[in-house]
Amino acid sequence: MDGGSGGDDATEAVLELREVHRTHGTGPAAVYALRGVSLVVRPGELVAVMGPSGSGKSTLLTLAGGLDSPTSGEVRVEGQPLQALDRSGLARLRRRRIGYIFQNLNLIGSLTAVENVALPLELDGTGVRRARRLALEALTEVGMTELGDRFPDQLSGGQQQRVAIARALVGERRLVLADEPTGALDSQTGEAVLRLLRRRVDAGAAGVLVTHEARHAGWADRVVFLRDGVAVDSTAPLVGIEALLSGSGR
């Protein structure tokens, strides 16, 4: 199934998956995480990915972010096939163009909040002073202005999640990948985060949001449903969502 938003021209796509398969293991023990998934996400578009547990949602994100490679098929970011990049090239692309909000946060415990957010910029050659200024601006966007000097173990789970979100959005990120970004947040803070993600996409980025919450998917332009590694539906209105999530849909 083609998860594009209409038309055949994908030259403007920020993210493109072409018939992507991801299999873990071989023979009878093989696990088919994704089965021929195609998806196109263009600038200014937020796509929500939904599906039951084990449907392949997080696998799709790791492939889109260059953290894993497909067994077959192709992943492109801004026209660049990720399989053609070596390890350093992938790392450079992730630092410059991709913001990834991990489900397990992946904050560095020995760095303060502002240092965690500034790290991708500093690794890419941005001066320390400018990187810290941009990091503070990103922390302000997620309501963490006063806590930039705290270490992760001095922050609550929700505060840590907001630091991770700031790190994903700092700088000129063209592709934002969010894996359940509101999981540890109260409803009010969660809505603020989604509003921030929506604003970044409206400014020209492309976004992919993995979520199990229909009300969060409502912030997206389009919803792609996965089940057993297959894209079973792609739609704007959330019609039949409960059936698709429970596995009783088509």
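In what order do the six strands of the open sheet with mixed pairing stand? Reading across the sheet, the order is S6-S7-S8-S3-S9-S10. Keep that row of strands in view, as we will return to it several times. Please remember along the way that this is a predicted model.

Let us begin with the whole chain. It has eight helices and 10 strands. Of its 250 residues, 51% are buried. If we take the contacts between residues at least 6 apart in sequence, 68% of them join residues at least 24 apart. The chain exposes about 11400 Å², and carbon and sulfur atoms supply 48% of that area.

Now back to the six-stranded sheet. Strands of a sheet pair through backbone hydrogen bonds, either parallel or antiparallel. Here S6 and strand S10 (230-235) have a single partner strand each, so one side of each is left without a neighbour in the sheet. From one strand to the next, the twist averages 15 degrees.

On one side, S6 and S7 pair in the parallel sense over four bridges, and Ile98 has Leu175 in S7 as its bridge partner. S7 also pairs with strand S8 (residues 206-210), again in the parallel sense, over five bridges. Here Val176 has Gly207 in S8 as its bridge partner, while Leu177 stands opposite Val208 in S8. How many of the five residues of S7 are buried? The answer is five of five, so the strand is mostly covered. Leu175, Leu177 and Asp179 point one way from S7, Val176 and Ala178 point the other way, and all are buried.

Helix H2 (residues 87-97) lies across S6 and S7, and runs at about 80 degrees to S6. H6 touches S3, S7 and S8 as it packs on the sheet, and its direction makes about 150 degrees with that of S8.

Next, follow the nonpolar side chains. The largest nonpolar core has 41 residues, and those that touch the most other members are Val117, Leu139, Met144, Val163 and Ile165. Several elements each supply at least two residues of this core, including strand S3 (46-50), helix H3 (113-123), helix H4 (128-141) and helix H6 (187-202). The largest share, six residues, comes from H5. Take Met144 as an example: leaving aside residues up to four places away in sequence, Met144 touches Leu139, Leu155, Gln159, Arg162 and Val163. There is also a second, separate core of 29 residues, with Val37, Ile98, Tyr100 and Val208 among them.

The rings of Tyr100 and Phe102 have their centres 4.3 Å apart, and their planes lie at 10 degrees, so the pair is stacked. Are these two residues buried or partly exposed? Tyr100 has 9% relative accessibility and counts as buried because that value is under 20%. Phe102, with a relative accessible area of 22%, is partly exposed.

The chain has another open sheet, made of four strands in the order S2-S1-S4-S5 with antiparallel pairing. Its edge strands are strand S2 (31-41) and strand S5 (80-81), each of which pairs on one side only. Strand S4 (residues 72-77) pairs with S5 in the antiparallel sense over two bridges, and Arg76 has Pro81 in S5 as its bridge partner. Helix H1 (residues 57-64) lies across strand S1 (15-24), S2 and S4, and runs at about 60 degrees to S2.

We finish with two spots in the backbone. Most residues other than glycine have a negative phi. At 32% relative accessibility, Glu78 counts as partly exposed. Leu105 also has a positive phi, of about 70 degrees, and it is not a glycine either. Leu105 sits in the loop between strand S6 (98-101) and H3, and at 11% relative accessibility it counts as buried.

Key:
Residues numbered from 1 in each chain as written. Heavy atoms only, no water. Phe/Tyr/Trp six-rings, centres within 6.5 Å; stacked < 30°, edge-to-face > 60°. Buried < 20%, exposed > 50% of the residue type's maximum accessible area, 1.4 Å probe, protein only. Core = buried A, V, L, I, M, F, W, Y, C linked by side-chain atoms within 4.5 Å. Contact = heavy atoms within 4.5 Å. Pairing = 2+ DSSP bridges. Axes fitted to C-alpha atoms, helices over the stretch in contact; angles between N-to-C directions. Areas by Shrake-Rupley, 256 points an atom, 1.4 Å probe, with all protein chains shown as cover.
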